Amino acid sequence: MLEDLGVTQIAEKVQSGELSAERVVEQTLARISLLDGGLHAFLHVANAEALEQAREIDRKRARGDRLGIMAGVPVAIKDAICTRGLPTTAGSKILAKYVPPYDATVIERLRLADAVVVGKTNMDEFAMGSSTENSAFGPAKNPWDPTRTPGGSSGGSAAAVAARMAPCALGSDTGGSIRQPASLTGTVGIKPTYGRVSRYGLIAFASSLDQIGPFATDVRGAARVLSVIAGHDAHDSTSLAIPRDDFETACGKSIRGLRIGVPDEYFADGLDPEVSASVRAAIQALEAEGGTVSPVKLPHTSFALATYYVLATAEASSNLARFDGVRYGLRVSPASLPASSRSTASDLRAMYGATRDAGFGDEVKRRILLGTFVLSAGYYDAYYLKAQKVRTLVRRDFDRAFGQVDVICSPTSPTTAFRLGEKVNEPLSMYLNDVFTLPASLAGIPAMSLPCALSKEGLPIGLHVMARPFEEATMLAVASAWEARSPVRALRPPAASRST
Amino acid sequence: MTRPKIDREVVLHVAKLASLSLSDGEVDRFAAELTRIVAHVEHLNALDTRDVPATAQVQLECAPWREDAVRPGLSPEEALSQAPRVEADGFAVPTFVE
């Protein structure tokens with residue numbers, strides 16, 4: 001069955017000719033059409049384009065050309081990443097009809113490696129949320145239980161991979177938007193080091209935090225996608241020319257002697273006891289593999305949430321100023337605008353205001369308002385500057401901890417997937433979902449989530465692994481050591497057991 | 001520091017800065033929600049940060065320079081292709097007199 005194959009297996013079979021890219025893509029599209037009605041992981045399925053791309057890959061092979069390391073591998077793309085000729089909405093009404101005239105750098109790199117973009121995935125509007133319930137087009141559902149959220153904001157990408165509608169996907173992570181949905185759907189999700197992957201063509205949310213990263217059904221698959229998308233890009237001045245380690249070779253490497261830190265602060269109040277027990281059991285297993293486990297202190301953990309919501313909203317209020325109904329997206333003319341040419345500047349401002357009021361959803365408006373408030377005269381020092389200073393303290397916590405250990409393990413999310421609707425009216429309790437993922441975002445370090453266990457209710461629990469800047473390889477070695485002995489490795493959600 | 005009161009007036013001021021025309025109902029609701037969120041943020045004041053430098057960006061390594069070279073970009077047609085209104089090869093805004 002095709003849906004049993006991971007990224008590396010599909011690429012191998014297409015490279016060798018055992019499978020044609022066309023057949024892979026046909027089956028993938030059939031599976032999406034069978035399953036996505038109930039999951040709403042996709043906002044757009046690129047049926048014709050994907051098939052054409054697959055045939056081109058097959059023609060390339062027939063000509064005797066060497067195929068790339070993603071040969072024929074279907075990839076689902078978060079709808080915040082620009083894809084030339086395919087709708088890119090960022091989950092927002094304001095971009096409902098936007099079709100980018102260019103590809104993001106990560107898309108270019110995937111195509112060069114012979115991957116096939118099969119569709120654009122559902123997400124919280126402008127990546128603001130932890131459940132996909134802030135999507136202007138309705139939420140995605142968790143394949144483990146469709147009454148529950150797949151997490152967010154990259155929930156559509158996570159659900160697509162969990163249901164095996166694609167072996168891998170791209171998401172973006174600003175405060176946990178790859179790792180939390182990976183945790184809630186039992187998939188592997190990586191937030192690379194800040195600067196590792198170009199954001200050119202990613203619709204910006206908070207520029208000092210945003211990173212693009214992969215989802216996959218297994219650690220090696222995620223490592224391969226990361227190796228394709230990583231690297232310096234002249235189009236993004238924050239992307240760095242750090243040599244790419246061989247991320248795939250790191251998978252399966254021994255972790256003997258590796259020092260694993262466990263922060264008490266991540267096992268505090270509000271953590272589901274079942275999540276706590278499962279993650280501790282996984283850490284014990286890593287010790288049995290030769291790792292040495294010791295406690296570490298990350299004392300400013302409880303301040304990360306407030307810090308993040310000041311900094312991310314401030315940056316968002318600036319980034320989202322570009323949506324004004326002039327160069328792209330929705331334009332709404334206010335009723336008061338006269339048809340004649342005798343308009344005034346305030347009429348022009350009314351057009352901006354009406355466009356943005358009609359185009360943005362509640363959470364986006366809430367964050368733009370908060371971000372504008374913390375940057376406004378009289379409040380800048382007390383909120384924005386204060387948060388930037390606390391960000392330094394959070395970074396120093398990690399600097400100190402990584403003086404003693406090589407990786408830090410914790411739960412990814414304090415609970416398993418919650419019910420759709422359960423937290424939608426309480427912004428603060430929704431924000432609390434991200435308490436364990438936010439600190440790594442503020443520090444810019446690499447972090448990932450991978451399946452740890454299934455709860456008694458049959459819902460995935462995620463293991464969170466964090467590492468020093470640019471040490472994704474160490475992080476992947478630990479992740480694959482756990483994956484190799486994990487009891488949840490081969491488990492599939494009920495929605496994925498339907499066969500195409 | 002005294003806690004600011006996020007009332008209707010503050011929300012309307014901030015909304016104007018952010019170019020958002022909010023309905024009356026939205027103004028009331030956001031005032032209440034932002035008050036709760038800002039109260040949570042106040043908890044950062046428990047930390048003494050007088051001698052702590054600010055982090056604006058995690059500058060983990062020095063970003064490389066690029067050549068100041070002319071490179072192809074979008075054609076005018078491509079750049080205008082997504083505009084809600086185009087006139088005379090440009091982005092059209094409502095005509096106004098100041």
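This is a predicted model: local features need pLDDT of at least 70, side-chain atom pairs count only at pLDDT 80 or more; totals for chains, interfaces and linings use all residues.
**Ground rules**

I noted that local features need pLDDT of at least 70 and side-chain atom pairs count only at pLDDT 80 or more, while totals for chains, interfaces and linings use all residues. Residues are numbered from 1 along each chain as its sequence is written, with chains lettered from A and ligands numbered from 1 in the order in which they are written.

**Chain B by itself**

I started with chain B, which has three helices and three strands (DSSP runs numbered from the N terminus: H or I of at least four residues for helices, E of at least two for strands). Along the sequence I read α-α-α-β-β-β. Its radius of gyration is 23 Å, well over the 13 Å from the globule rule for 98 residues, so chain B is more spread out than a compact globule. (That radius is taken over C-alpha atoms, and the rule is 2.2 Å times the number of residues to the power 0.38.) I got a C-alpha trace of about 55 × 45 × 25 Å along the principal axes of chain B.

Next I looked up burial: 17% of the 98 residues in chain B are buried. (Buried means 20 or more other C-beta atoms within 10 Å of the residue's own, exposed means 12 or fewer, and partly exposed is in between, with C-beta atoms placed from the backbone.)

**Where B meets A**

I found 48 residues of chain B in contact with 69 residues of chain A (contact: C-beta atoms, placed from the backbone, within 7 Å). On the chain B side, the elements giving two or more residues are α1 (8-17), α2 (24-41) and β3 (96-97). α2(B) gives the most, with seven residues. By class, I have 31 nonpolar, 10 polar and seven charged residues on that side of chain B. (Ala, Val, Leu, Ile, Met, Phe, Trp, Tyr, Cys and Pro count as nonpolar, Asp, Glu, Lys and Arg as charged, and the others, Gly among them, as polar.)

Then I checked α2(B) against α10(A): their axes come within 9 Å and cross at roughly 125°. (Axes are lines fitted to C-alpha atoms, for helices over the stretch in contact, and angles run from 0 to 180 degrees between N-to-C directions.) That makes α10(A) oblique to α2(B). (Under 35 degrees is roughly parallel, over 145 roughly antiparallel, 65 to 115 roughly perpendicular, and the rest oblique.) A306(A), Y309(A) and V310(A) of α10(A) meet I37(B), H40(B) and V41(B) of α2(B).

**Helix α12(A)**

α12(A), residues 362-375, reaches 20 Å from its first C-alpha to its last, close to the 20 Å expected for its 14 residues at 1.5 Å a residue (the expected span is 1.5 Å times one less than the number of residues). I see 12 of the 14 residues of α12(A) buried, so the helix is largely enclosed by the rest of the structure. Among them are K365(A), R366(A) and R367(A). The cover includes α10, α13 and α14 of chain A, together with α1 and α2 of chain B.

In α7(A), residues 219-229, I found 11 of 11 residues buried. G231(A) follows α7(A) and has a positive phi, near 120°.

Last, I looked at α9(A) and α16(A), which pack at about 100° with axes 10 Å apart. They are therefore roughly perpendicular to each other. The residues making this contact include A285(A) and L286(A) of α9(A) and W482(A) and R485(A) of α16(A). By class I count six nonpolar, no polar and one charged.

Notes:
Two residues are in contact if their C-beta atoms, placed from the backbone, lie within 7 Å.
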